[in-house]
Amino acid sequence: MIETLSRRLAAVREQIAVAAAAAGRQVDEIQLIAVSKTHPPEVVAAAVAAGVTDLGENRVQEAQQKIAALHHLQPRPRWHLIGHLQRNKAKLAVSLFDLIHSVDSLRLAEALDRHARELDRRMPILLQVNVSGEASKEGFWLPGGITNDAAYRELLPAIEAILALPALEVCGLMTIAPIVDHPDAARPYFAALRALRDDLARRYPQASWRELSMGMSDDLSAAIAEGATMVRIGRAIFGERH
Ligand SMILES: *Cc1c(COP(=O)(O)O)cnc(C)c1O
């Protein structure tokens, strides 16, 4: 198992390096997040042994069990929540994760802020944005990105309110591109997220806006070409999910 994992991991790292070089970027600007959802703790432990430092999970309860089972791992991996978060799990999420990528409403952000204050921590978050307009996708609603004036004007007050929450640290944006036949077809969605990030950074310099979490197994090179700083890779590292 660990040989297969190591080989796949090396291939993904190589793909990241090639995409970064093609885009004239430094490879260390791009954080690899290994998405371990559905895989048991022993597989996750093998990934960490193979050099994975950052793990992505999409369900709070599944992550809670794995984090408990793997609390002894050294060095301790960072845990990322990449899936939709319900407000009734906000407290647990604050206690478990190093970065929450999937903040998609002001009400959720307010709940996270309240629990972060109770737990006396500052919670790093990303704002998930739906730039594709697919009804199946979560995220703040901004199909077409900043060129969609009406939707953008509606969105800005919520973002301002989130930036004012004292226990949250807004680090950037996250999106999920549509499934497309050719990865280059995903580029406009990644470009839209980047343009949004650049515009928000101009408007609200009080936050860093550094991170662009975008790119999965099938479209990571396109995402890196458009400026991804975090790629979330599941199948290319762990194989198909069952
Ligand atoms: C499952 C998942 C991934 C990883 O997808 P792969 O296609 O397996 O690389 C990335 N991001 C999110 C939000 C996911 O739910």
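What follows is a working chat about one predicted model.

Colleague: What sort of model is this, and what are the ground rules?
Modeller: It is a predicted model, where local features need pLDDT of at least 70, side-chain atom pairs count only at pLDDT 80 or more, and totals for chains, interfaces and linings use all residues. Residues are numbered from 1 along each chain as its sequence is written, and side-chain values use heavy atoms, with hydrogens and water left out.

Colleague: Which feature does UniProt place at Lys-37?
Modeller: The unreviewed entry gives "modified residue: N6-(pyridoxal phosphate)lysine" there. UniProt positions follow the numbering used here, feature names are shortened, and annotations may be inferred rather than shown by experiment.

Colleague: Where does Lys-37 lie?
Modeller: In the loop between strand S1 (31-35) and helix H2 (41-49). Helices (H or I, at least four residues) and strands (E, at least two) are DSSP runs, numbered from the N terminus.

Colleague: And what is Lys-37 in contact with, leaving aside neighbours within four places in sequence?
Modeller: Gly-56, Glu-57, Asn-58, Glu-62, Lys-66 and Arg-241. Contact means heavy atoms within 4.5 Å.

Colleague: What about the second largest pocket's volume?
Modeller: About 250 Å³. It has 13 lining residues, with Pro-178, Ile-179, Met-216, Asp-218 and Asp-219 nearest its centre.

Colleague: Now Arg-25. Buried or exposed?
Modeller: Buried, because its relative accessible area is 16%; the cut-offs are under 20% for buried, over 50% for exposed, and partly exposed in between (1.4 Å probe, protein chains only). Arg-25 sits in the loop between helix H1 (2-22) and S1.

Colleague: Which residues have the most contacts inside the largest nonpolar core?
Modeller: Ile-100, Leu-127 and Trp-209, in a core of 77 residues. Helix H6 (residues 149-163) gives the most to this core, eight residues. A nonpolar core is a set of buried Ala, Val, Leu, Ile, Met, Phe, Trp, Tyr and Cys residues joined through side-chain atoms within 4.5 Å.

Note on methods. 1 Å grid on protein atoms, 1.4 Å probe; cavity = no way out; pocket = protein on both sides within 12 Å on 5 of 7 lines; lining within 4 Å. Points joined across faces, edges and corners; volume = space filled by probe spheres on them.
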